[in-house]
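Colleague: I have not seen this one before. Can you walk me through it?

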Amino acid sequence: MNQLSPAIVILGQNSVPLGRKIIAALPGSSLYGLADRTSDVDINFTNFGETLRELFAAGTPIIGICAAGILIRTLAPLITDKRQEPPVLAVAEDGSAVVPLLGGLHGVNELAREIAIVLDVQPAITTTGDIRFRTALLSPPKGYYLANPEDAKTFISDLLAGATLQLDGIAPWLTDSKLPIANLGKLTVCVTEKAVAPRSDCLVYHPATVAIALSSLSHIEPEIALSYVQQVLDDSGLAAASVAAIFALKDDMGHLAIEAIAQKFKVPARFFDPRELVEFPAEINSLFPEAQREEKGVMAGRIALTAVGVGGRLVGCQKFGGMSCAIAIASEPIDVNTMGHPRGQLAIVGTGPGGTQWMSPEVKEILREATDWVGYKFYLDLAGAQREGQRRHDSDNREELDRARFALDLAAEGKSVAVVSSGDPGIFAMAAAVFEVLEREAKPEWEGIDIRVAPGISAMQAAAALIGAPLGHDFCVVSLSDILKPWSAIEQRIIAAAKADFAIAFYNPVSKQRTWQLGKAKEIILQLRSPETPVVLGRNLGRPGQSVKVCTLDRFQPEDADMRTLVIIGSSQTRIIDRKYGGVWVYTPRRYSESVIVSG
């Protein structure tokens, strides 16, 4: 499980100062506060249970400044596998107690100690082995992997019963502990990069000290590249669990083979500029067959040696056709965040029409983990507050292409960028702008960026859901803005949609500069559709002042709409149903009778 930044969850304003104090000790963490009861928090939520379960399912460490019982009862349905549980802690509102609850295999006790130091209290750790030995053999620190956890329970029981152990290998977290280490111990702890067979009396820890470097990838298929890498690893006798990262040159950023190999080993990929590489020592040229000692063959070795730093050693270099693969071992676990550069990420997200309840879990996670938010100021405000360390880049709503270019440049620097749109980013929003700039300017440094689009609930979906199902049958979507396309094209599309008997959702119906287009659209549709056709106006959807109104086409007044209004005009089959205690439902049936004649 990848360790995400902790979420500090509070239920009242009195807990904000304590939450901020904990955040100062845990950089990157975020303060979650219950809406209407808290202010000055990073992220607001309205439903405690849903938010907590969502964080837990995503593997996010949870620090609840609340009673332990409410955390346990809320998460109880999800507690099924201790190997997958993220850390969960309860902290007393006055800071007098820090209680680790779940996530013993993922460092919850160590996290409790970090918080307790800040609060100047003793953590309420109850794990016997952790208390006696001041280390958790089942939960090694970052950079170490326990190969045989199934043997750990009996192993630890034997230690608690008085057995001693011998240490085979080097690991400061073990030598600095209170483990009963002896030269001729009955039990063994082995720390090695080698692929060794574990035994019940020997716990094997693989340190993340192995760097795999790739060069000259050309057009090699991912499956073939992966088989070559596995062969080099096997030939070197190394364990896959000791692989810290895959390293390559910036020019290969985004290569499918690198991505496939990184995913297979569940490690990040990092990239170097050629100018950052160390020289290749002449004395280890012998690792290459004579025929492979050209610059391309040596490049992978230089990348690997750069990745492992001073004290590292090259243990294998092979060339397969055009591809070169080198493996080096560092003297201690590799901190991949300090080696090379990450692949830049650009996520174009849709936050929904307004309220956070309409924002998808995927979008929330992207916003939480991004280094930079880019967007129109109003939409960034709707997305919520940034956590500490995130940067926000506001721009005018009319600067879409400039905003897209700026976001691409940020991602090219290795940043994780979220381009924020309201609604769905692919519907009259920023996704198209990003791809337009990407195609038009085609900067080489943009080619390696990892780009994805995270959908959101569109305004037409929100308006339709609030009033029933007016888009229940065939429909189309038209923007009435003639800034990027001529009115003549818009007019032809309205005529075609009306003749085809589509329900029509109108975006951008009115602005300060565009005041007549919606009236003209009404005029066109009235020529082809009944005056009794239902019309829905959804305004400020998901935001303060939300309203949804229904009228008929002949009574529809265009001046009732503005830029924050979504207008839906029904088809010939769209119906209005009166509700018993006032109000109406609007829907378009999914069946058309054979008698319905659509104009050609």
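Colleague: What share of contacts in the chain between residues at least 6 apart in sequence joins residues at least 24 apart?

Modeller: That share is 63%, where contact means heavy atoms within 4.5 Å. Before going on: this is a predicted model, where local features need pLDDT of at least 70, side-chain atom pairs count only at pLDDT 80 or more, and totals for chains, interfaces and linings use all residues. Residues are numbered from 1 along each chain as its sequence is written, and side-chain values use heavy atoms, with hydrogens and water left out.

Colleague: How many helices and strands are in the chain?

Modeller: The chain has 17 helices and 29 strands. Both are DSSP runs numbered from the N terminus, helices being H or I with at least four residues and strands E with at least two.

Colleague: Which strands form the open sheet, and in what order?

Modeller: The order is E19-E18-E20-E17-E21, with parallel pairing; two strands pair if DSSP finds at least two bridges between them.

Colleague: Which strands stand at the edges?

Modeller: E19 (391-395) and E21 (450-454) do; each has a single partner strand, so one side of each lacks a neighbour in the sheet. From one strand to the next, the twist averages 20°.

Colleague: What packs on the sheet?

Modeller: Helix H14 (residues 430-441) does, touching E17 (345-350), E20 (416-421) and E21. The direction of H14 makes about 150° with that of E17. Such axes are lines fitted to C-alpha atoms, for helices over the stretch in contact, and angles run from 0 to 180 degrees between N-to-C directions.

Colleague: Changing topic, how many aromatic pairs are there?

Modeller: The structure holds ten. Rings of Phe, Tyr and Trp (its six-membered ring) pair if their centres lie within 6.5 Å; planes under 30 degrees apart count as stacked, over 60 as edge-to-face and the rest as tilted. One of the pairs is Phe-428 with Tyr-507, tilted, at 5.2 Å centre to centre and 55° between the planes.

Colleague: Where do Phe-428 and Tyr-507 lie?

Modeller: Phe-428 is in the loop between E20 and H14, and Tyr-507 is in strand E24 (residues 503-507), so the pair ties together parts 79 residues apart in sequence.

Colleague: Is Tyr-507 buried or exposed?

Modeller: Tyr-507 counts as buried at 11% relative accessibility, whereas Phe-428, at 42%, counts as partly exposed. Buried means under 20% relative accessible area, exposed over 50%, and partly exposed in between (1.4 Å probe, protein chains only).

Colleague: And which residues form an aromatic cluster?

Modeller: Tyr-144, Trp-173 and Tyr-205 form one.
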